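Me: I would like to learn how to read a model like this one, feature by feature. Please give the general idea each time, then the case at hand.

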Amino acid sequence: MKRCILSCFALLGISGVTALAHAQEPVKPAFGHSMQGEAFNEGPRQRAVLLKGIPKIEFPTSTKNKKAQQFFEQGVAQIHAYWYFEAERSFRQAADLDPELAMAYWGMARANANNRTRAKGFAEKAKEKRDKASKREQGYIDAISFFANNKNDDYIKALRQLVADYPLDIEATAQLAHELQERAFDKPRQDEVERLTQEVLASYPMHPIHHYRIHLWDKPNNENALDSAHKSGLTEQASAHMWHMEGHIYTQLKRYGDAAVSQEASARVDHAHMGRVQIIPDQIFNYAHNNQWLAESFEFTGQPQKALEVARNLVANPRHPKLNTLSGFSGSASQGLPRLIETLERYELWETALTENIESIPNKADHERNRLRLLGCAAYAMGKRALGQQHLDALGKIKDSDKAIAAVKCYAALGENNSAEASKQLDAAGLPKEREALLRLQLGEPEKALTLARDAAKSRANQVLPQAALVRVLHASGKLDETKAELEKLRPLAARAELDTPLLAALAPIAQQCGASADWRGAPPADPLALPRPKIESLGPLSWVAPAAPSFSLKDGNGKKVSLKDYAGKPVIVLFFLGASCEKCMEQVNAFAAEAEGYRKAGIELVAISLDPQEQVKKMKAMPFPILANPDLKTFKSWKAFDDFEDMALHGTFLVDGTGKLRWMDTGFAPFTDAKFVLTEAQRLLSRGR
């Protein structure tokens, strides 16, 4: 599979290669595109490594290469975790070690469950090599063709046949269980999936099939998957999604403390992996979803500062037009901002809200409504009436904002000690019941406050804020015995709560009156069935840490040496391009040249690295930044702008900050040509100083 044809052509500066055309493939791929076909372009291009925290899977194949077998089985384990990108990387490594291993291409197809077009290309490759596979392997290869062509019923039928023909092959049973679980729309199908998973677990109790059981019982009957929730992350500790899925069950069972631990483990594992493979957060499947769930779990457990830390990290993460935008719905920014607003408002952190600089998204009415409601309430609560009026006026221009306007007007009336008006606006505000309960108490409406507080604690059982509000309202109503009883319920829920946050700090004198200490928190609820877990901090950092940029020291066309050290203390954009004969590359170089003045004014340097030799670089037209020669591709490799499987250079665009950290990056089969976007994003990232 290894090749250097494209690199060699670029190094020689040959554009037509007419002398060799008759001996090569009839159509030469574009620069940076895979020689294996378009299906290989968007997947992993760097080699895999055998990871710690991956379960041992037994899935015999016809390969005689021990390492290829290890990578193949690692890929199967990663498939069970829905860790599809890394699974494909493992299968590509297996194919690199044994190009005739048909099952490696089966694995690549199976790893593209969310992209059947790519899956089809890999399935066809597996079929080409089918004759060299065993009869059992041929059954898998025939089945994956149905999968790749969206013939789901035929795929299930083929998997059933595999299970019947090879009853001792628990991986065939696991594959069937997964496919049936995806379509478990009725009880008979649910029961069949449960039976299959139990067959696998009878042979291998810590098999990652626990993941499928969690999906099977996620809703309803969540308690059926509690055993799997205790084990999922432990079965495949290197996979963030396996930890995340535990949180599904714990959340449904209102075990929010356990959910927070699982989601934190997921975040830390993801961030550790990003550091290993040099990627930005939103390149990982479901990353933003996992982390916003973590922020919410921290909210529920009385940890607003930790929730804010997670939300701010999401907002601060690198943005990319294909991965993470303000106008999108699944990226870090679009998932982090709602949690940021929600936490600030739920915990009434008004002063922080006014200094937070929450981004406006004019084309998202819901976001603007929530943002302005928070800022309006905060401004009036802090006595900044003119600012509050500005936010109130802005809210009036957004459709369907009656409730938000009423909420802000309630705080405006409170600031004027106009209880009647505040109560009237509160009636229309639609605030969370525990928040309204405390406001009713402030307005001298204890009976309403108590009814609301009881309802809140019941409807949002096991969450710290509603239970804390009930304790406060009961105490204010003179119901000391009930106050003590409800405080006892609160204590284990608040085991990790931040007692210095204002809404919880207000409980300190109440707790002391009830005979509790100043630190009234209790121990988390014990579960005798839970298994020992690794120390949470050992799994990785809580937020994404920009990796250190590799060094370089290269010559320009005139022989002048330029190194990354020359830019110490200054941010620099580093472009990797595939030579002057690459048309798309030159489009990129010219696009950045056109914006060079804007970069200069922003204090950001530019440098480009070509795979052309020095004499070829010298022939290029002058650019407003250095063009460096890297014909041996060592710098391309160290920066991971390189396909390890095909020995070819890739396009790359990187932002290195003044401390030498990689703050933004894009590598792949096509160059990133939007120089204006990179400039704007670089300024945003650098202004945050993370």
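Me: Where is the place of proline 220?

Reply: Some ground rules come with the answer. This is a predicted model, in which local features need pLDDT of at least 70, side-chain atom pairs count only at pLDDT 80 or more, and totals for chains, interfaces and linings use all residues. Residues are numbered from 1 along each chain as its sequence is written, and side-chain values use heavy atoms, with hydrogens and water left out. Helices (H or I, at least four residues) and strands (E, at least two) are DSSP runs, numbered from the N terminus. Proline 220 lies in the loop between H11 and helix H12 (226–235). A cis peptide bond joins lysine 219 to proline 220, with omega about -15 degrees.

Me: Is arginine 213 buried or exposed?

Reply: Buried means under 20% relative accessible area, exposed over 50%, and partly exposed in between (1.4 Å probe, protein chains only). Arginine 213 has 4% relative accessibility, so it counts as buried. Its place is in helix H11 (residues 210–217).

Me: Which residues does arginine 213 touch?

Reply: Contact means heavy atoms within 4.5 Å. Leaving aside residues up to four places away in sequence, arginine 213 touches Glu194, Thr197, Gln198, Leu201, Asn224, Ala225 and Ser228.

Me: How many residues of helix H5 are buried?

Reply: Nine of the nine residues of helix H5 (residues 102–110) are buried, and the helix is mostly covered. Among them are Tyr105, Trp106 and Arg110.

Me: What is phi of asparagine 357?

Reply: Phi of asparagine 357 is near 55 degrees, a positive value in a residue other than glycine. Asparagine 357 sits in the loop between helix H18 (350–355) and H19. With 68% relative accessibility, asparagine 357 counts as exposed. Asparagine 462 also has a positive phi, near 75 degrees. That residue is found in the loop between helix H24 (446–459) and helix H25 (464–476). Asparagine 462 is partly exposed, at a relative accessible area of 33%.

Me: How are two packed helices described?

Reply: Two packed helices are described by the angle between their axes and the distance between the axes. Axes are lines fitted to C-alpha atoms, for helices over the stretch in contact, and angles run from 0 to 180 degrees between N-to-C directions. Helix H17 (residues 332–346) and helix H19 (residues 365–381) pack at an angle of about 30 degrees, with their axes 10 Å apart. That makes H17 roughly parallel to H19. Angles under 35 degrees count as roughly parallel, over 145 as roughly antiparallel, 65 to 115 as roughly perpendicular and the rest as oblique.

Me: Which residues of H17 and H19 make the contact?

Reply: H17 contributes Leu337, Ile341, Leu344 and Glu345, while H19 contributes His367, Asn370, Arg371, Arg373 and Leu374. By class, the contact has four nonpolar, two polar and three charged residues. In this scheme Ala, Val, Leu, Ile, Met, Phe, Trp, Tyr, Cys and Pro count as nonpolar, Asp, Glu, Lys and Arg as charged, and the others, Gly among them, as polar.

Me: How many strands form the open sheet?

Reply: Two strands pair if DSSP finds at least two bridges between them. Here seven strands form an open sheet in the order E2-E1-E5-E4-E3-E8-E9, with mixed pairing. Strand E2 (561–563) and E9 stand at the edges, each with a single partner strand, so one side of each is left without a neighbour in the sheet. From one strand to the next the twist averages 30 degrees.

Me: Which helix packs on the sheet and touches E3, E8 and E9?

Reply: Helix H33 (residues 675–688) does, and its direction makes about 150 degrees with that of E9.

Me: How many bridges join E3 to E4?

Reply: Six bridges join E3 to E4, which run parallel. The bridge partner of leucine 575 in E4 is alanine 608. E4 and E5 pair in the parallel sense over three bridges. Five of the six residues of E4 are buried.

Me: How do strand E8 and E9 run, parallel or antiparallel?

Reply: Strand E8 (residues 651–656) and E9 run antiparallel, joined by six bridges. Histidine 651 stands opposite glycine 668 in E9. The hairpin of E8 and E9 has five residues between the strands, and in it glycine 660 takes a positive phi near 85 degrees. Six of the seven residues of strand E9 (residues 662–668) are buried, so E9 is largely enclosed by the rest of the structure.
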